Amino acid sequence: MLTIENTGSKWIAGLSNGETLVEGKDKVAHIKGEDSPWWKLQKYIKDNKLTIHSFGIWVGDKHFNLPSIKPKFEGEVPLSYNCFRKVVSDVFTGENDTLKESYICAEAIYKDYKVQVWVDEKDTNKSWVNLINK
Amino acid sequence: MALTQVLVLQGVSPTTLEAADSLSFADGTFDNPITVDAYNDSTHIRSSVGVDDSAANTPVNNKYIAAGTADWGDGTEDIELATDAECALKISIGYDSNVTVTDITMFGYDGTTPATAQTEMTIQMAEQADTEWTAVGGSGTALSIADSDTPATSHDFYVLISAAPTTVGVKSANKMRFAFTYQ
């Protein structure tokens with residue numbers, strides 16, 4: 001069995017009502033048996049007719065920010081945001097523990113493309129930016 | 001909070017693949033070689049010290065016959081008829097809160113470069129209900145497994161797997177990679 005512990009990376013969402021929600025806290029708490037913080041966020045913004053105005057990843061004091069609705073450097077305003085984690089492992093070959101990678105990815109979604117920020121959850125000094133055609 | 005990934009060789013009793021174990025294909029008897037260009041007649045879990053950990057569990061074997069057919073012990077059948085229990089592999093992704101699991105891929109590679117296909121062997125894979133095998137080989141030719149997009153604490157995936165050597169010799173340098181996203 002392969003186990004990957006949460007290393008402390010969190011997404012943070014600024015909402016159209018002025019609230020700021022941090023993954024794992026308050027309305028988007030991580031509680032066993034309940035929806036994950038991400039799906040709690042989706043339900044909360046839908047039920048309250050809110051939108052996300054800013055989005056990013058926090059790892060301790062490191063902040064990885066996507067363009068907001070008022071981009072700090074005058075970039076394009078995203079239509080929406082997404083966030084997920086990716087796990088990559090070698091399996092079936094006697095070396096399950098030699099390759100075990102985990103990343104968190106935050107996406108700013110535009111009409112024709114997505115901007116992704118990836119952070120390595122095992123070495124949070126490593127991050128990457130991708131531009132993906134939809 | 002932790003995510004778990006459990007790999008099982010199914011059978012009368014399941015055999016869980018532990019960290020140092022490997023999946024082993026044979027001609028029907030553990031450690032017996034398969035004829036070049038023929039497919040496996042048995043599938044085993046091999047421990048790090050070379051023991052057949054699945055010996056007592058009557059493991060399922062999926063044998064590639066043709067593009068859309070396989071033999072899992074009842075003669076040649078269309079692969080989409082394989083039930084969950086008739087797939088050799090069960091992969092379970094668990095999390096303590098309800099998540100979705102998406103963008104799931106599996107492929108063989110040469111053990112060094114994920115984009116490079118495994119050497120000197122053919123690996124066929126199919127998800128349960130697929131109508132055709134996928135000959136996996138490097139990240140560009142991966143098996144794509146359907147998203148499990150209803151949030152839940154456990155997600156199970158069932159996969160048929162079959163392999164054939166294309167030359168004589170042990171093929172243990174090759175590796176199998178598994179990747180997915182969750183949220």
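What does the secondary structure of chain A come to? In this predicted model, in which local features need pLDDT of at least 70, side-chain atom pairs count only at pLDDT 80 or more, and totals for chains, interfaces and linings use all residues, chain A comes to 1 helix and 9 strands. Residues are numbered from 1 along each chain as its sequence is written, while chains are lettered from A and ligands numbered from 1 in the order in which they are written. Helices (H or I, at least four residues) and strands (E, at least two) are DSSP runs, numbered from the N terminus.

From the N terminus on, the order of elements in chain A is β-β-β-α-β-β-β-β-β-β. The C-alpha trace of chain A spans about 50 × 35 × 30 Å along its principal axes. Of the 134 residues in chain A, 28% are buried; a residue is buried if 20 or more other C-beta atoms, placed from the backbone, lie within 10 Å of its own. Two residues are taken to be in contact if their C-beta atoms, placed from the backbone, lie within 7 Å. Among the contacts in chain A with a separation of 6 or more, 44% involve residues 24 or more positions apart.

The contact between the chains takes 29 residues from chain A and 30 residues from chain B. On the side of chain A that touches chain B, β1 (2-5), α1 (37-47) and β6 (80-91) of chain A each supply at least two residues. The most comes from β6(A), with 9 residues. By residue type, this side of chain A divides into 12 nonpolar, 9 polar and 8 charged. Here Ala, Val, Leu, Ile, Met, Phe, Trp, Tyr, Cys and Pro count as nonpolar, Asp, Glu, Lys and Arg as charged, and the others, Gly among them, as polar.

Strand pairing also joins the two chains: β1(A) is linked by 4 bridges to strand β1 (residues 2-9) of chain B, and the two run antiparallel. Two strands pair if DSSP finds at least two bridges between them. Within this pairing, A:E5 has B:A2 of β1(B) as its bridge partner.

Chain B holds an open sheet of 3 strands in the order β5-β6-β7, with antiparallel pairing. Its edge strands, β5 (63-66) and β7 (76-78) of chain B, each pair on one side only. Neighbouring strands of the sheet are turned by 40 degrees against each other on average, direction ignored, with axes fitted as lines to C-alpha atoms. Between β5(B) and the antiparallel strand β6 (residues 69-71) of chain B there are 3 bridges. B:K63 stands opposite B:D71 in β6(B).

Note on methods: Axes fitted to C-alpha atoms, helices over the stretch in contact; angles between N-to-C directions. Buried ≥ 20, exposed ≤ 12 C-beta atoms within 10 Å, placed from the backbone.
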